[in-house]
Amino acid sequence: MSNTDFILAIEDLTVSFDGFKAVDSLSMYIDKNELRVVIGPNGAGKTTVLYLICGKTKSTEGSIKFKNIEMTTLSEHEIVRAGVGRKFQTPSIYENLTVYQNLEVSYPVGRSVWGSLTFKRTPELSEQVRKIAAEVLLTEHLDLEAALLSHGQKQWLEIGMLLMQDPELLMLDEPVAGMSAKERDQTAELLNQICQNRSVLVIEHDMEFVKKIAHKVTVLHQGKILAEGSMEKVQANEKVIEVYLGH
Amino acid sequence: MTVILDKCFGGKQGAVNLAILAILLLVIFPLWLDLFRLGLIGKYVTYAFVAVSLVLLWGNGGILSLGQGMFFGLGGYCMAMFLKLEASDPISTKIQTTPGIPDFMDWNQITEIPWFWQPFKSFPLTVFFVLAVPTFLAFIIGYAMFKRRVGGVYFAIITQAIALILSILIVGQQGYTGGVNGITDLKTLLGWDIRTDSAKYVLYFINASLLIGVIILSNYVLSSKFGMLLLAMRDKEERVRFSGYDVSSFKIFIFCYAAMISAIGGAMFTLQIGFMSPSFVGIVPSIEMVIFAAVGGRMSLIGAVYGALLVNFGKTMFSENFPELWLFLMGGLFIAVVMFFPDGLAGVYRDHAKNFNLADWLIASYTKWFKKDANMLGDKV
Amino acid sequence: MFGYSMEEVGNIVVMQGFSGLSLFSVLLLMALGLAIIFGQMGVINMAHGEFMTVGAYTTVFLSKMAVEFDIVNSYFVFAIIAAFILAFFIGYFVEYALIRHLYKRPLDTLLATWGLSLVMQQIFRSTFGAKEVSAELPEWLLGSFKPTPDIDIPINGVFVMGLALIVTVGVYLFMFRSRGGLRIRATVQNRMMAGAVGINTQKVDRLTFALGCGIAGVAGAAFTTIASTGPTTGSLYIVDSFMVVVFGGAASLMGTIASAFGIAQAQSILQFFMTSSMGKVSTLMTIVIILMMRPEGLFASKVRK
């Protein structure tokens with residue numbers, strides 16, 4: 001496969017578990033600064049695709065190129081270091097640490113054993129933490145223990161932790177699950193802001209939310225792409241209505 | 001100055017607690033106890049090295065090693081091999097068939113010193129091997145296991161099996177290891193008779209000082225970003241991995257570090273007690289060392305020392321007078337600590353003396369460190 | 001080879017193989033119980049060996065009774081049942097008093113059950129003495145038959161193996177063909193859901209744990225036919241049994257059988273050619289090295305996480 005301008009190029013990606021193909025020769029391309037939403041019924045392979053990109057699941061066949069670097073052979077932390085950030089479905093934060101510490105742990109300095117032993121806090125770090133905290137609306141809670149945040153705030157904190165890494169591709173698995181309507185709107189605004197200088201890949205069920213953020217939508221069904229394009233185009237697609245939107 | 005205080009002593013409270021321990025070990029015990037009892041304390045202090053290693057590994061890292069005894073033993077054996085060679089000079093072993101080799105080799109019809117004993121003729125090499133052999137073994141085990149994401153109970157069982165293998169091997173290879181009796185009749189260290197009263201005092205003080213040093217170093221490790229990541233890995237390993245950290249290398253490091261500390265304890269045991277045997281290597285001693293840390297408080301470096309001292313004091317008392325009661329007590333201790341006092345003595349201390357946060361001082365020191373710097377930087381901005 | 005002719009080596013392998021079968025049977029029974037508890041519930045039972053000892057002492061005790069009432073030839077079947085029942089009920093109680101409080105803390109369960117094993121060992125010692133005791137075996141279990149003049153096959157070994165296979169088939173039928181087994185498997189796969197459809201998951205846990213302990217009791221009964229029983233008998237088998245479970249892949253019955261067979265055979269055949277300790281060392285070492293390369297065990301299947 002030749003080099004492309006895409007930030008992420010997935011080609012012929014297949015993964016099978018004991019013969020069952022959860023993802024079946026999937027090809028998908030994401031542009032720089034694009035916000036792509038992947039939708040589809042349960043078991044369509046959405047989360048598996050995300051796992052494959054971030055290296056948690058190893059592919060059976062096919063290639064994933066991020067900035068033209070092959071990702072399928074790298075381990076998770078190498079993929080993160082290459083510039084891919086990944087948010088878990090349920091908020092995964094360090095409950096016993098403060099918001100400030102949560103953001104600080106994610107700061108991409110002192111990532112080696114020796115680096116972490118000799119790590120010193122710098123003004124740049126503090127500045128970065130405050131900047132990100134402002135973006136994810138947590139400035140007032142910097143000293144609060146993360147366990148005390150609301151569910152929505154925990155989701156934001158995890159997004160903030162990813163932003164600390166300054167990734168070029170950010171992947172979010174159902175970021176607004178369990179959020180109030182107001183929090184959903186705020187999150188949509190946040191995502192629209194975030195994707196101004198990076199690409200974002202979102203898995204989501206909430207169609208209202210998808211409408212607010214998606215540049216382009218990919219519909220997955222049984223490990224394959226059913227449709228791809230703008231929200232209007234996908235919503236009008238008969239096959240999509242049949243397997244997914246119809247009910 | 002405050003940074004050093006926080007980083008190496010665990011904050012003001014930690015420094016006070018450490019000072020109390022140091023005074024107890026270095027002043028009160030030597031003044032109060034006779035040499036025999038002080039020797040017992042010295043023995044317990046060597047176990048405390050292992051207990052401290054388990055606070056790092058298990059309490060903070062969530063990695064339960066049931067094989068710490070083998071690192072203790074390997075450190076002890078390396079030291080014992082050097083002392084044994086020194087004690088086996090041709091003159092004092094002239095009644096043997098082959099003079100100049102350790103007595104148990106002679107009894108097993110071995111006529112020359114095997115190759116892997118050769119480096120232990122040199123003291124600098126011996127010191128190197130005391131630290132390097134256990135660390136290297138830990139590295140191999142850690143590399144194989146952590147790179148493949150083996151953890152939790154699997155790791156515990158496999159380290160236990162390896163401890164069993166090593167102890168059977170030592171017992172079985174009598175001619176090379178001294179077998180079930182171990183390596184005994186150790187006399188001098190570089191010509192200095194370690195059996196004299198003055199030597200015993202000197203070794204006791206070296207031992208206790210080394211322990212204090214190890215605690216200070218470990219405080220530093222725990223208060224650094226490494227320590228925070230260790231806790232983060234224990235509670236949310238995946239998140240740490242997806243923040244771009246190579247989780248396995250952190251675990252390998254802390255496992256190697258814990259092995260090295262344990263080995264120092266083992267080497268000091270050999271020097272003070274004058275022998276080393278497979279009874280410190282196998283399953284039972286390894287798991288007993290876990291209970292020292294558990295009784296003291298799995299999160300508290302200093303608590304672990306008290307745990308080691310208390311449990312062993314109890315063991316000496318009871319197993320001499322009521323050997324039957326002791327196993328009940330020991331078993332009950334395992335159950336009670338886990339069920340009712342998961343934070344050990346340090347937790348009880350914390351709950352009953354709110355101003356003396358012994359168990360919390362680790363966590364508190366992180367918070368303090370971060371908050372202070374945050375405020376400091378905040379002022380500048 | 002080691003100074004033996006090929007024919008002698010063949011005979012040695014056959015005879016050691018049969019003595020390995022006794023070890024295989026005991027390991028298999030131990031590992032079955034452990035695998036049920038560990039593989040299905042994620043609980044490490046370090047006192048499992050002591051449940052085997054419970055079964056062994058039960059059998060020894062009943063054999064003494066049998067001598068008095070002169071029913072030595074028929075008591076053994078009852079002894080097996082009694083061993084199972086006693087170990088089952090002790091396990092039931094232990095789950096209630098100890099294990100159920102620790103389900104979320106597997107490492108702590110490991111330590112607590114180790115404490116339990118110390119207490120149980122001391123109870124054995126205080127009750128039955130530190131000396132090893134043997135069961136009075138019925139006559140039909142003694143002796144051996146000789147298919148060729150150079151090969152001796154002990155009958156007790158064959159009996160123990162038969163017992164192990166019956167129990168294994170029983171466990172298989174229970175787990176995969178009965179409603180009780182279905183409840184256990186449902187609880188393992190989705191505890192919340194199992195609770196939601198009306199399965200009393202607490203009760204299932206307790207019965208599963210008790211069942212595992214009961215099988216260890218049967219292992220103890222089997223054990224009395226091949227060796228004598230002491231307070232620490234069980235603890236000698238605990239590491240080997242864990243290795244069998246882990247090596248076989250915790251959730252796979254076939255894996256457990258195969259790995260029990262492999263480990264027992266390797267140990268007893270190697271022990272003949274090397275010293276007994278080196279035989280054990282090389283077997284365990286091989287397992288550990290294989291486990292380091294393939295930590296999920298030999299028979300684990302790839303699943304979608």
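User: How many residues does each side bring to the contact of chain B with chain C?

Analyst: In this predicted model, the contact draws on 35 residues from chain B and 33 residues from chain C.

User: And which helix of chain B gives the largest share?

Analyst: That is α7(B), which provides 15 residues of the side of chain B that touches chain C; the elements that each supply at least two residues there are α6 (123-147), α7 (152-172), α13 (283-296) and α15 (323-340) of chain B.

User: What's that side like by class?

Analyst: The side of chain B that touches chain C has 28 nonpolar residues, together with 5 polar and 2 charged ones.

User: Switching to confidence, where in chain C does pLDDT stay under 50?

Analyst: It stays under 50 over residues 301-305 of chain C, a stretch for which the model has 6 contacts beyond four places in sequence. Where pLDDT is low, the predicted coordinates should not be read in detail. For chain C the mean pLDDT is 84, with 95% of its residues at 70 or more, while the predictor gives the complex an ipTM of 0.87 and a pTM of 0.89.

User: Back to chain B: how do the axes of α3 and α12 cross?

Analyst: The axes of helix α3 (residues 35-60) and helix α12 (residues 247-273) of chain B come within 8 Å and cross at roughly 175 degrees, and therefore α3(B) and α12(B) are roughly antiparallel to each other.

User: Which residues make that contact?

Analyst: Among them are Gly39(B), Thr46(B) and Leu57(B) of α3(B), and Ile254(B), Gly265(B) and Ile273(B) of α12(B); by class, the contact of α3(B) with α12(B) has 15 nonpolar, 7 polar and 1 charged residues.

Methods. Residues numbered from 1 in each chain as written. Chains lettered and ligands numbered in written order. Predicted model: local features only at pLDDT ≥ 70, side-chain atom pairs only at ≥ 80, totals over all residues. Contact = placed C-beta atoms within 7 Å. Helix = DSSP H or I, 4+ residues; strand = E, 2+ residues; numbered from the N terminus. Nonpolar A, V, L, I, M, F, W, Y, C, P; charged D, E, K, R; others polar. pLDDT = per-residue confidence, 0-100. Axes fitted to C-alpha atoms, helices over the stretch in contact; angles between N-to-C directions. Parallel < 35°, antiparallel > 145°, perpendicular 65-115°, else oblique.
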